[in-house]
Amino acid sequence: MPDHQRQVHNRLAVLRAERRLSRKQLADKLSINYQTIGYIERGDYNPSLELALTIAELFRLPIEAIFSLKPMTPLSEEIFRDPPVEPR
Amino acid sequence: MSTTTTSRIEYLPRSRRRTLVAIALAGYPVAVAVLVTLKHTSLNRWLILALFLLVLVPTVVTLFVGYLYARGRIDGHRARLDERDLTLRQQAYALSHRVLAAILIAATAITEIYLTSGNTLRLDANTFVPVLMWVIVYIPALPSLMLAWIETDQPADA
């Protein structure tokens, strides 16, 4: 990734593991090379908007659940985090 | 070329690839410099030629490795180039252009300084052929070398 480019963080590796997909299987579904999945997961390559949207569509998730400009918090933390206490 | 060798080249770590690119770029000028130096000695012509070819071997090998590394991606002959391949190819061509421009500017500047210092430059086969060979060899090879230079290490399989 060029130095001037901002890194896009993602949860691709977690989602892929969750759905028991290998890089090759995911790459075939997306019609890209399997190495590209590895580069995206490692943060070495920022996917195009089209590819990011296709990935989101494939996982049936909103794009912001997969890609973010800020480092991703673990999914478990997001799901089980205590809700803010309502004032009485 | 066996599949194992090709795959080993494909997975070469970036640091090693960069060393190979540096050898490929520096090798030919070094070989020409050795040739010019040896021509002024009393060594046998065949021995000079043999030494020149010996010094040239690493360049030829590294150029070939660079070609194998980028084969199919830089020339677009691979059946399926995805968006990362295309982006990388664009970056490699852009960097080749910058490197070529830098070399040409440096060569022009050095020649200019040499000529304005009262020296004369004879444009004969001894000067022209190495330059021509450089153009013939490096201009087509530069994009492949630059691709090998910029690409980060492949992620481990998972």
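## Helix α4 of chain B

The buried residues of α4(B) pack against two partners, α3 of chain A and α5 of chain B. In this predicted model, the buried positions of α4(B) are Arg84(B), Asp85(B), Leu88(B), Ala92(B) and Ser96(B). An α-helix has 3.6 residues a turn, so residues three or four places apart point the same way.

The helix itself has 34 residues, and its reach of 49 Å from the first C-alpha to the last is close to the 50 Å expected at 1.5 Å a residue. After α4(B) comes Gly118(B), whose phi is positive, near 90°.

## The contact between the chains

Where the two chains meet, chain A contributes 13 residues and chain B contributes eight residues. On the side of chain A that touches chain B, helix α3 (residues 34-42) of chain A gives the most, with six residues. By residue type, that side of chain A divides into four nonpolar, five polar and four charged residues.

## Overall form of chain B

Chain B is built from five helices and zero strands, which follow the pattern α-α-α-α-α when read along the sequence. Its C-alpha trace spans about 60 × 35 × 25 Å along the principal axes. Of the 158 residues in chain B, 20% are buried. Contacts in chain B between residues at least 6 apart in sequence are made up, to 81%, of pairs that are at least 24 apart.

## Helix α5 of chain B

With 26 residues, α5(B) reaches 36 Å from its first C-alpha to its last, close to the 38 Å expected at 1.5 Å a residue. The helix bends by about 45° at Leu142(B), and a proline, Pro143(B), follows within four residues.

The buried residues of α5(B) are Ala141(B), Leu142(B), Pro143(B), Ser144(B), Leu145(B), Met146(B), Leu147(B), Ala148(B) and Trp149(B), and the bend at Leu142(B) therefore falls at a residue that is itself buried. The partners against which the buried residues of α5(B) pack are α2, α3 and α4 of chain B.

In soluble globular proteins, nonpolar side chains tend to be buried together. The largest nonpolar core here has 19 residues, and those that touch the most other members are Val21(B), Ala24(B), Leu145(B), Met146(B), Leu147(B) and Ala148(B). Two or more residues of this core come from each of α2 (14-39), α3 (45-70), α4 (83-116) and α5 (125-150) of chain B, and α5(B) gives the most, with seven residues. A second, separate core has nine residues and includes Leu12(A), Ile40(A), Ile66(A) and Phe67(A).

Leu145(B) is found in helix α5 of chain B and counts as buried because it has 29 C-beta neighbours inside 10 Å, where 20 or more are required. Leaving out residues up to four places away in sequence, Leu145(B) touches Val21(B), Ala24(B), Leu25(B) and Gly66(B). By contrast, the C-alpha atoms of Leu145(B) and Val57(B), which are 88 residues apart along the chain, are separated by 17 Å. Leu147(B), with its neighbours within four places in sequence likewise left aside, is in contact with Ala70(B), Arg73(B), Ile74(B), Leu88(B) and Ala92(B); of these, Leu88(B) and Ala92(B) are among the buried residues of α4(B).

## Loops and confidence in chain A

Two loop residues of chain A have a backbone angle worth noting. Ser31(A), which lies in the loop between α2 (23-30) and α3 of chain A, has a phi near 55°, a positive value in a residue other than glycine. Arg60(A), in the loop between α4 (49-59) and α5 (63-66) of chain A, also has a phi near 55°, again positive in a residue other than glycine. Ser31(A) counts as exposed because it has 10 C-beta neighbours inside 10 Å, and Arg60(A) counts as exposed because it has 7, the limit for this class being 12 or fewer.

The mean pLDDT of chain A is 89, and 95% of its residues reach 70 or more. Among the elements of chain A, the lowest mean pLDDT, 77, belongs to helix α6 (residues 75-80), whereas α4(A) has the highest, 96.

Technical notes:
Residues numbered from 1 in each chain as written. Chains lettered and ligands numbered in written order. Predicted model: local features only at pLDDT ≥ 70, side-chain atom pairs only at ≥ 80, totals over all residues. Contact = placed C-beta atoms within 7 Å. Nonpolar A, V, L, I, M, F, W, Y, C, P; charged D, E, K, R; others polar. Core = buried A, V, L, I, M, F, W, Y, C linked by C-beta atoms within 7 Å. Expected span 1.5 Å × (residues − 1). Bend = angle between axes of the 7 residues up to and from the residue. pLDDT = per-residue confidence, 0-100.
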